[in-house]
Amino acid sequence: MPELVALFRPFAALSLFILRSSRDGDTARPIALKAVGDAMRSSLGLSLAEDDLLAFAAVLDDGDGAMLSVLRGDSNGYDYDGDSRGSSLRFVLGPAFVATGLDSLVALFAKRHAVWAKSNLLRNSNGNGDSQSPTTKDLALGICNKLRLTSVLETTIPSAPAQYADPTCAVDSRVWMALKEARGIDRLYSHQARAIDCVLGNARRDVVVSTGTASGKSIVYQVAVLQLLLQSGEEDNTILLVFPTKALAQDQLVALRSLVCHIPELSEIVIDTLDGDKAHRETRRAIRDTASVILTNPDTLHAAMLPAGAHAWRGFWQRLRLVVIDEMHVYQAQFGQHVAHILHRLQRICCWAQGKNIGGSELDVRFVACSATTANPAEHMCLLTGCRSAANIEVVDLDGSPRGSKHMALWCSSTNPNSNSNSTSNVSSRPLSAAANVCNVAMQLLAHGLRIIVFCKSRQTCELVFREISDSLERSPTPRMRELQTRIMSYRAGYTAAERRTIERSIFAGDTRLVVATNALELGVDIGSLDAVLMVGVPTSTASLWQQAGRAGRRTRDSLAIVMADPARNPIDKRTVAAPSGLFDRVFAPATVANEQSIAAAHLQCAAFELPFAANEIDDTEGLCWDPVLQRWICALSFKPWPAEKVHIRSAQQTGADWQVVDSGTAGAPTLLEVLDAYHALFALYEGGILLHRGLSYSIDCVDPDLRVVLVSKSNVSWYTVKRDYVDAVPLSGKLEVCYGEINVTATVFGYKRIDTRCRKLLELVEHKSPPLTIKTNGIWLDISLNIAQNLAASGHNVEASIHAAQHALIAEVGAL
C-alpha cells in the first residue's frame, strides 16, 4: 500500500493545482495539465485527454479532501467513506487492493463517480470500460420508464475514429509547440490540415470550414492567427475575428491568449475584445491603437468601428490580413443581409486604407469562415463576403474529428404521473409540460453523475426550469444532491456584462454540473465536456437541433441528447410527435440571405458617412446628397449625426435605448440587475409583475417609460406572472391578397396572469396597460375572402380561430423554409 500511495502522491498535489487554476481562470492551468499528463505517461503509461485529467483531479480533490489525504500519505489508516456526506458506500484499502493495483483504484473512482466509468482512464486500464456502467441508451431507457414518459423516436449515432493529416504548407514550429504545450495537440484532424493549407499555402484562398459541432474548427483560424503574427514585419499584421455573440468572443479570447503565452516572441502582442461591454471612449481608443488582434461582433463593427472615422482606424485597416467569420450559419435572412453589407463596407474601407482600387479584387485580406453544416456553405460565404464566384471559395466539409456514440431521443408525456385517475379536474389530468418533464429528467441525470445543459426557447422558461431544478435539489434527501445546488447555473440574454463573465468563467472552468440556457449557448462556446443535452420543445430547425445536440459528447465521449416535446401545448411539437420520422436525419436546408432594397439603401447611407462616394463609384445614388465642395456623394441629413444608430441589424425589435432594471432593495446603493431592449422590456416589465432572475423572484415596483428605468425588489412569492397581450399588424402598401411588404406592428400588454409556481394553476387575471410599442418591419399578409369565411362558418368552424391557426401554420412553414 505505501508504494501505491507514493505512486499517486504527485498526481494528487498537481491535480489539486489544476482544480484551483481552473476555478480561478488562471493561465497556469495548461502548465499543470501538461505536468500531470507527462507524469501519468511516464509512471503509468497512460495518455489522457484534458477532460480526463480534469475528472481525475476532481476525484482526487473530492470536496472534503479525504481521498486526497489518503493518497498523499497523510492518513494513518486507509479507510475511506466514499461520501462522508451521506453515501452508504465504504471502501477499505487493504492487502487485496494493493495486489490488484491500478485496476482496483480506477474501479474505486468509477464507483464513486459514475461518469468516470466511461472515461479513457478506465478504458485504457482494463480495456472494457463499457461493461463497467450502463450505456447512454440503457440509462435513457431506464429514466424514460421510471418517469413514465413516452418514447416517440430513438436512434443512436455510432462512434467514429479520428482521421489525421499533416498540412503541406510551411507553419512556424513555434505554433506547433504552443498547440502542444497549451492544448496537448500534436496532430491535426484531416479537415484542419486541409483548411490550414488553403489559408496559409501558396494559393492563399478564402475558405469555409463546414464540419460538425466540436470538430475543432477554431484551431484552423488560431493557427492562421499565430502564423500571421509571427510573419509580421516592422509593423504587426492585424487580424479581425467576428463572432455573433459576446460569449463566443470571450471564449476565443481566452483560447488565443493561452496560445500566445507559449510563444515568447509574441509576448508584447495585444489581443482584446471590442464590444458593447467596453463603452468607455478611452478604452476603445487604446484597443484601436495597440491591438493586433481584435475580437468583435457585427453590431460593434457596424455601430462603432466602421463609423468611427476611416482615418482614426486607418492603421488597423491598412495592416489587416485576415478576417474570421465564426458561426457563419447564424447570418441568414435579414440579419444575413445586414452582415453582408457590413462586410462590404469593411472591405471598401480596407481598399482605401491599403491604397487598392475600391471595388477591385486585389485586396490583400483573406477570409476564413466557420459554419455548422448547411447545404450551401460556399454560396452562403460568397453572398456575405461579396466574392464574385463561389468557385473561388474552398469548402472543407469532410469531418476528420473523432466522436463518441450519441443516443438521441424524442420524448413526451403520457399522462401526469401525479394525477388521480379518477379525477375530473382538467388541471390534474393534463400531461406535464415539457419544462416540467425536463426538470425531472435532469434530476435523474444529475443523480447518475452526468454533466448537463438544458436549452429553452424563451427567457422565462429558462428561469422557471432553473428554479425548479434548484428547488428540487434543495428538497433532495441526499446530501450529495443538495450540494449540487451551488453548481448549477442559468445563462441568457439580459444579464449584465459582469454577471455573464462570471458565469462564463465558471462554465469554462468545468465547475458547473448543469447549465440552463437559451440559445445564447447554442453556438460553439467551449463549455467543457458535457454528457447530456436536454431540449425543451422541438428546435425550430435541423441546424439548431444538431448545434444543441453537439454541445455534449465532445471528442470521443458518449453522450445523450433528448428532445422533450410538448404536443398538448405546442402545435409544432404536436406535428413532430405525430410524424417523427426524419427528425434526426442530417438533412440541412440551404442558408439564405435576404435581398431587400430598404436594407441596402440604409447601409448605402452608412457607407457614405464612413467614406463619401466618388462621382463614378456607384450607379444608384438615390437618397444620397451631392457635396459640391468634396465633389462626392455623402450621407443624407436625415441619417445624421450617426447613421448606424438608425439601422438596426439584429431585428426590428431594436427600438430605442435599452431599459435598465435596478434592484432597489439591496443594502446600500441600488444595483443594476438586468439590461433589456425595448421589445423584450415591453413583455417582461410591467408594474405588479414578477421578474425572474437566476432563480430568484423580483417584484416590479416602478416602471418609468421616460427614463427607461425599472425598480424591482426581491420577493418571496409562490407565483410568477405571464403577460397578456395582443399584436396588430397593418400593411402600409400592396394589394390585400397575398403580399410581402412593409407593415406596422403594434404590440400592447394589457395585463398579466398570476400562475402558481408549483402546480402551474391560474390564480388571477390582472388588468394593466403598458404603453404600446410600434415597429415598422416587413411581413407577409393574406386577405381571406368572404366566401372562405362563409364556408368555414357553414362547416361549424370558428372563423377567427381558423384564421389564427392558419397564421401559425404559415409562420411554422416560413420558419422551416
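Student: Are Glu 610 and Arg 345 buried or exposed?

Tutor: Both Glu 610 and Arg 345 are buried; that word means under 20% relative accessible area, while exposed means over 50% and partly exposed lies in between (1.4 Å probe, protein chains only). Keep in mind that this is a predicted model, where local features need pLDDT of at least 70, side-chain atom pairs count only at pLDDT 80 or more, and totals for chains, interfaces and linings use all residues. Residues are numbered from 1 along each chain as its sequence is written, and side-chain values use heavy atoms, leaving out hydrogens and water.

Student: What makes Glu 610 and Arg 345 a salt bridge?

Tutor: The term asks for a side-chain nitrogen of Lys or Arg within 4 Å of a carboxyl oxygen of Asp or Glu. For Glu 610 and Arg 345 the N to O distance is 2.4 Å, so the pair qualifies. Glu 610 belongs to helix α25 (residues 597-610) and Arg 345 to helix α16 (residues 333-353), so the bridge ties together parts 265 residues apart in sequence.

Student: How many salt bridges does the structure hold?

Tutor: There are 20 salt bridges. One of them joins Arg 194 and Glu 394, whose closest N and O atoms are 2.6 Å apart.

Student: Why is Glu 394 called buried, and what is Arg 194 called?

Tutor: Glu 394 has a relative accessible area of 17%, under the limit, so it is buried. Arg 194, at 35%, falls in the in-between range and therefore counts as partly exposed.

Student: What about Glu 499 and Arg 694?

Tutor: Their side chains meet in a salt bridge at 3.2 Å, N to O. Glu 499 sits in helix α22 (residues 497-509) and Arg 694 in the loop between β23 (690-693) and β24 (696-704), so parts 195 residues apart in sequence are tied together. Glu 499 counts as buried at 17% relative accessibility, whereas Arg 694 is partly exposed at 28%.

Student: How do you know how many disulfides there are?

Tutor: A disulfide is a pair of cysteine sulfur atoms within 2.5 Å, and by this rule the count is 0. For Cys 382, the nearest cysteine sulfur belongs to Cys 387 and is 4.6 Å away, so Cys 382 is in no disulfide. Cys 439 is in none either, with the sulfur of Cys 456 nearest at 8.2 Å. Cys 439 counts as buried, at 3% relative accessibility.

Methods:
Helices (H or I, at least four residues) and strands (E, at least two) are DSSP runs, numbered from the N terminus.
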